[in-house]
Amino acid sequence: MDIDSIRSQFPILSQNVYGKPLVYFDNAATTQKPQCVIDSLCRYYTTLNSNIHRGAHYLAAQATDEYEQTRQLVQKFINARHSHEIVFTRGTTESINLVASSFGERFVGKGDEIIVSAMEHHSNIVPWQLVCERKGARLRIIPFSDEGVLDLEALETLFNERTRIVAVNHVSNTLGTVNPIGEIIQMSHKHNVPVLIDGAQAISHRQVDVQALGCDFYCFSGHKMYGPMGVGIMYGREELLEQLPPYQGGGEMIKDVTFERTTYNELPFKFEAGTPSVGDVIGLHSAIGFMQQIGIDRIATYEKELTDYATEQMHTIDSLRIFGTAPEKTSVISFLIGNAHPYDTGTLLDKLGIAVRTGHHCTQPIMDRFGIPGTVRASFAIYNTPAEIDILIAAIKKIAPILL
Ligand code: PLP
């Protein structure tokens, strides 16, 4: 694979920070955008900008067309049965809040239970806690091992007649674990319990086929898959979406409004109240095109090589501990140097031009599980190189004596 040519499509990567070439290893937080996505946003605002669906004029028709084409592309990308099962949101957070709120309203009652795992992002914990507070329900938690592997035997014991939904991530943003969601879905369905998958950290690293998986909801963000910020996806199975009440009220989600009674629009518009981020949705089309041109399996293979190399190199540093050593991982490595505070490590690396993330990564229960304040997280994408990993390793070796 010609990584130089892929890198050259990302203008942001060619800059220096603090006089050093930028090494961008914060891809789990957000990926950088290729020129085709930047051009697409620019083209939208230069030639297409218009509100969609309602306009009788040329621009509105064109913008609507491209917006709906993106829906169809997303449908194919994740192999959904229908394009109306694809709902545009602002991101994973909004997608999960949508499901938690609407599903919670319709299906969760006093004394009911919702299962999440101990390695969820706060976005897949707090929306469910809000439902529990509103409805008098409670959360049940799937534990994980020291390696960062979910305990499926423990999950089996959590099901009972009060279980209403299971919500788990496909990939942990902190540990990098690829969770056995196929098995979790099968187990849950055996108990007649639907499953929401938080796919924020999987969608740019793995082929996702929602029909093969059989999941009921699958949520992800455009900005973590080389697309713009401001657009996300909530995939839901038609039969379930039909039963859920709207999340927000407003324009576009209605069929008829009178002061006595309002009827709601059909799917997916029932869940898309107000003006969406049209330009960002259209930009997402280019981002998916970018990924498809390389091929998701080739992306996964290359990122695994990078991750294996970085892990191997890190093992040569005595004071470095890695958190998250599951057999199946994506390109996320969380680590600590001795007992140094992650923020200090991150700050020193930053001054050497290396962008990593530090802190709890919105997964405080994981930090509690390990009894640490946070980690330093390096996460790789298709444009990263082994040479950049060498820079990181050299930098860690240089700063370790200062930190210890
Ligand atoms: N879930 C996981 C696993 C994540 O990593 C993130 C973001 O880091 C989110 C949810 C929230 O995504 P967003 O901030 O794009 O809504």
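Let's start with N79: in which loop is it placed, between which two elements?

Analyst: One thing to keep in mind throughout is that this is a predicted model. N79 belongs to the loop that runs between α3 and β4. In numbers, α3 covers 58-77 and β4 covers 86-89. The backbone at N79 has something to look at: its phi is near 55 degrees, a positive value in a residue that isn't glycine. As for cover, N79 counts as partly exposed because its relative accessibility is 33%, and that class sits between the under 20% of buried residues and the over 50% of exposed ones.

Stay in that loop and you'll also find R81. R81 comes out at 52% relative accessibility, so it counts as exposed. Now look across to E238: along the sequence, R81 and E238 are 157 residues apart, yet C-alpha to C-alpha they are 8.6 Å apart in space.

N192 is in the loop between α7 (181-190) and β8 (195-198). With a relative accessible area of 72%, N192 is exposed, since anything over 50% falls in that class.

There's one more backbone detail to pick out in a loop. The peptide bond going from L267 to P268 is cis, and its omega is near 0 degrees. P268 itself is placed in the loop between β12 (262-264) and α10.

The largest nonpolar core is made of 101 residues, and I78, Y218 and I382 have the most contacts inside it. Helix α10, residues 278-294, gives nine residues to this core, which is the largest share. Domain 1 (3-30 + 295-403) and domain 2 (38-292) each contribute residues, so the core lies between the two domains.

Next, the ligand. Around it you'll find G91, T92, T93, H121, S123, N173, D198, A200, Q201, S221, H223 and K224. Sorted by class, this shell has nine polar residues, two charged ones and one nonpolar one. A few of these residues come with distances you can check on screen. An N or O atom in the side chain of D198 is 2.5 Å from a nitrogen atom of the ligand. K224 has a polar side-chain atom 2.6 Å from a ligand oxygen, and H223 has a polar side-chain atom 2.7 Å from an oxygen atom of the ligand. On its own the ligand would expose 390 Å², and the protein buries 85% of that area.

T163 is part of strand β7, which covers residues 163-169. T163 counts as buried because its relative accessibility is 5%, and the limit for that class is under 20%. Its side chain reaches the backbone nitrogen of N160 at 2.9 Å.

N16 is placed in strand β1, residues 16-17. At 52% relative accessibility, N16 counts as exposed. N16 and G353 are 337 residues apart in sequence, while their C-alpha atoms are 7.4 Å apart in space.

A400 is buried, as its relative accessible area is 8%. A400 and A63 are also 337 residues apart in sequence, but here the C-alpha to C-alpha distance is 53 Å.

Terms used:
Residues are numbered from 1 along each chain as its sequence is written. This is a predicted model: local features need pLDDT of at least 70, side-chain atom pairs count only at pLDDT 80 or more; totals for chains, interfaces and linings use all residues. Side-chain values use heavy atoms; hydrogens and water are left out. A residue is near a molecule or strand if one of its heavy atoms lies within 4 Å of it. A polar contact is a pair of N or O atoms within 3.5 Å; within protein, one must be able to donate a hydrogen and the other to accept it, and residues adjacent in sequence count only if both atoms are side-chain atoms. Accessible areas come from the Shrake-Rupley method with a 1.4 Å probe; for residues, only the protein chains shown count as cover. Ala, Val, Leu, Ile, Met, Phe, Trp, Tyr, Cys and Pro count as nonpolar, Asp, Glu, Lys and Arg as charged, and the others, Gly among them, as polar. A nonpolar core is a set of buried Ala, Val, Leu, Ile, Met, Phe, Trp, Tyr and Cys residues joined through side-chain atoms within 4.5 Å. Buried means under 20% relative accessible area, exposed over 50%, partly exposed in between (1.4 Å probe, protein chains only). Helices (H or I, at least four residues) and strands (E, at least two) are DSSP runs, numbered from the N terminus. Domain bounds come from an automatic or database domain assignment.
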